[in-house]
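Here's a friendly walk through one protein chain, taken a piece at a time. Keep the structure open beside you as you read.

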Amino acid sequence: MSKVFGHRVALLLNGYDSTVNALHFRRPLLAALVSGLLIAAPAGQAQQAELPTLGDASREDMSPVMEKRLGEEIMQSLRFERDYLDDPPIIEYLNNFGTRLVDARPGARGDANLEYYFFAIRDKNLNAFAMPGGYIGVHSALLLAAQNESELASVLSHEIGHVAQRHIARQLGAQKNDALIPLAAMLLAALAAKSSSDAAIGVFMGGQGLAIQRQLNFGRDAEREADRVGFQIMNAAGYDASGMVSFFQRMQNSTRMYSDLMPPWLLTHPLTTERIADIQARIREQKFSQRVDGMDFHLIRARARVLQDESSKGLSDTEAVFRNQIQLPGRQNVAAGQYGMAMVSLKRSEFAAAQEWLDKARATIDKPPVAGAFSTPIPRGTTDSALAYLSLEIKLAQENKPEVIAAAIEEAKQAQGRYPLSRGLVWQYADALIKGGKYDEATRFLRDQLQMYRREPELHDYMAQAYAKQGKIALQHISLAESYVLLGGVLAALDQLALARKAPDATYYDQSVIDARERELQAKRKEMLGDKKKDKD
């Protein structure tokens with residue numbers, strides 16, 4: 001649903017104007033740019049004592065407000081990355097899951113009251129990363145590798161620890177006082193590594209060696225503290241802390257598999273046995289905690305497996321995995337396999353088969369336990385909204401069948417009423433109304449939603465679609481302008497306002513709205529250009 005309106009984003013970091021092509025904002029660049037990679041600096045010696053808090057020392061270097069603003073700018077660029085998984089059920093699950101972890105850590109939101117945002121990247125490497133401002137990304141391969149929710153919690157808790165302790169602000173802010181540590185060197189090395197590891201070595205060795213070593217020295221302490229904070233978060237949230245050890249060991253093995261493909265400073269440092277031993281020592285002092293995985297965890301992993309590779313071969317390989325999974329014991333395995341088969345069928349436009357598999361998944365999930373058998377209740381979490389979303393996906397893909405779209409409208413209305421916090425279902429309801437030709441109803445619904453969620457570009461996108469169907473050209477371009485603003489495209493928004501001004505149906509009121517909005521955006525653009533010039537100077 002996001003629109004690619006530009007490919008270059010300026011990141012103003014510590015006085016260095018670095019313009020990065022968003023299409024190149026990939027794995028190596030992410031590894032270089034963000035602080036707090038899970039595959040990161042090794043621990044020193046295992047320690048039992050509580051580590052000191054490192055975060056507050058950076059307050060004078062980078063304010064919480066600046067950290068949040070920087071994160072928003074990077075996130076706006078990242079949304080245009082083709083491997084950004086803009087999948088509502090996955091995003092909904094990750095944010096519900098991550099928010100529970102954040103709430104288990106008093107003070108994790110900091111003075112700026114950060115709104116953490118969790119998202120997924122299509123990537124076959126095991127990794128997760130934290131960005132400034134509370135944005136935390138998870139690779140799709142990591143979702144698939146996590147064998148239970150405690151293992152996933154160990155990853156996210158670790159990254160929350162980096163944000164909560166302000167390690168990112170500390171690392172970026174420290175560069176102001178060290179001319180040998182420009183972030184641009186890391187960016188250039190990361191980009192060079194995409195085409196040649198020798199080129200990356202050349203950039204890295206060009207006067208940057210000492211500076212990078214200083215960053216890694218800081219990283220060792222930060223990683224140990226993130227482990228400690230993550231461990232505390234897991235315990236407070238009721239997850240099995242041993243999941244941190246099992247998953248870290250798996251990540252260590254994964255790092256060995258591809259560590260020779262890129263310079264080690266781009267991958268940061270592999271996990272060490274000392275760091276794992278430190279966590280194991282902490283576990284021995286804690287009371288054992290067991291937690292039953294939610295059904296939604298298994299369904300979301302199935303979605304991620306399908307979306308990771310949608311090629312014909314990828315879908316065939318994924319189908320084989322799901323068919324094997326259905327034969328395994330356990331309701332979660334069977335239901336997730338059936339749900340995954342519904343996804344595979346949908347991607348192949350086999351709509352009847354997709355609905356049949358989805359019905360089987362629902363029946364498996366809702367099947368009562370055998371009489372007299374001991375059965376631990378399985379938490380549902382976002383299971384029902386994920387099932388409803390896929391059901392609507394199947395129907396909305398058949399837009400050439402009016403009777404199917406009519407059924408989708410009614411189903412979406414009911415689903416949106418049952419799960420009002422599911423933003424994906426809201427967008428599907430709007431989509432169904434538009435595809436069903438109910439444009440007036442769609443605009444009324446979207447206006448009500450925009451009163452509550454004005455900062456959702458998707459709502460403005462659908463509003464623009466509804467206006468276009470109604471022939472309201474001026475309002476269509478005004479809505480698109482608002483969507484572009486939210487996605488960071490001020491110039492694109494101004495272009496849309498210019499088109500709205502020229503539209504033959506633009507009323508006097510529309511012209512007044514356009515004038516006012518243009519003045520705001522021109523002022524914003526001047527402010528951005530002023531900041532850029534100031535940083536250059």
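Predicted model: local features only at pLDDT ≥ 70, side-chain atom pairs only at ≥ 80, totals over all residues.

Let's start with β3, which is mostly covered: 4 of its 5 residues are buried. Buried means under 20% relative accessible area, exposed means over 50%, and partly exposed is anything in between, with a 1.4 Å probe and protein chains only. Residues are numbered from 1 along each chain as its sequence is written, and side-chain values use heavy atoms, leaving out hydrogens and water.

So where does β3 belong? It's part of an open sheet of 3 strands in the order β3-β5-β4, with mixed pairing. The edges are β3 (117–121) and β4 (128–131), each pairing on one side only. Neighbouring strands here are turned by 20 degrees against each other on average, direction ignored.

## How the strands pair

Strands of a sheet pair through backbone hydrogen bonds, either parallel or antiparallel. Two strands count as paired if DSSP finds at least two bridges between them. On one side, β3 and β5 run parallel and are joined by 5 bridges. Phe 118 stands opposite Ile 136 in β5.

## The glycine in the loop

Which residue lies in the loop between β4 and β5? Gly 133 does, and Gly 133 is buried, with a relative accessible area of 3%. Leaving aside neighbours within four places in sequence, Gly 133 is in contact (heavy atoms within 4.5 Å) with Glu 67, Lys 68, Leu 114 and Glu 115. Its C-alpha atom is separated by 9.7 Å from that of Met 75, 58 residues apart along the chain.

## Two helices that cross

Two packed helices are described by the angle between their axes and the distance between the axes. Axes are lines fitted to C-alpha atoms, for helices over the stretch in contact, and angles run from 0 to 180 degrees between N-to-C directions. For α3 (residues 88–103) and α5 (residues 149–164), the axes come within 10 Å and cross at roughly 65 degrees. That makes α3 roughly perpendicular to α5. (Under 35 degrees counts as roughly parallel, over 145 as roughly antiparallel, 65 to 115 as roughly perpendicular, and the rest as oblique.)

On the α3 side you'll find Tyr 93, Phe 97, Gly 98, Leu 101 and Val 102, meeting Glu 149, Leu 152, Ala 153, Leu 156, Ser 157 and Ile 160 in α5. By class, that contact has 8 nonpolar, 2 polar and 1 charged residues. Here Ala, Val, Leu, Ile, Met, Phe, Trp, Tyr, Cys and Pro count as nonpolar, Asp, Glu, Lys and Arg as charged, and the others, Gly among them, as polar.

## Two helices side by side

Now for α15 (residues 331–347) and α17 (residues 383–396), whose axes come within 11 Å and cross at roughly 25 degrees. These helices are therefore roughly parallel to each other, and α15 passes α17 in a left-handed crossing. Tyr 339, Ala 342, Met 343 and Leu 346 of α15 make the contact with Ala 386, Leu 387, Leu 390, Glu 393 and Ile 394 of α17. That contact divides into 8 nonpolar, no polar and 1 charged.

In the loop between α15 and α16 (351–366) sits Ser 349. It has a positive phi of about 60 degrees although it is not a glycine. Ser 349 is partly exposed, with a relative accessible area of 47%.

## The whole chain

Stepping back, the chain has 24 helices and 5 strands. Buried residues make up 55% of its 537 residues.

How values were computed
Left-handed = near helix turned anticlockwise from the far one by under 90°.
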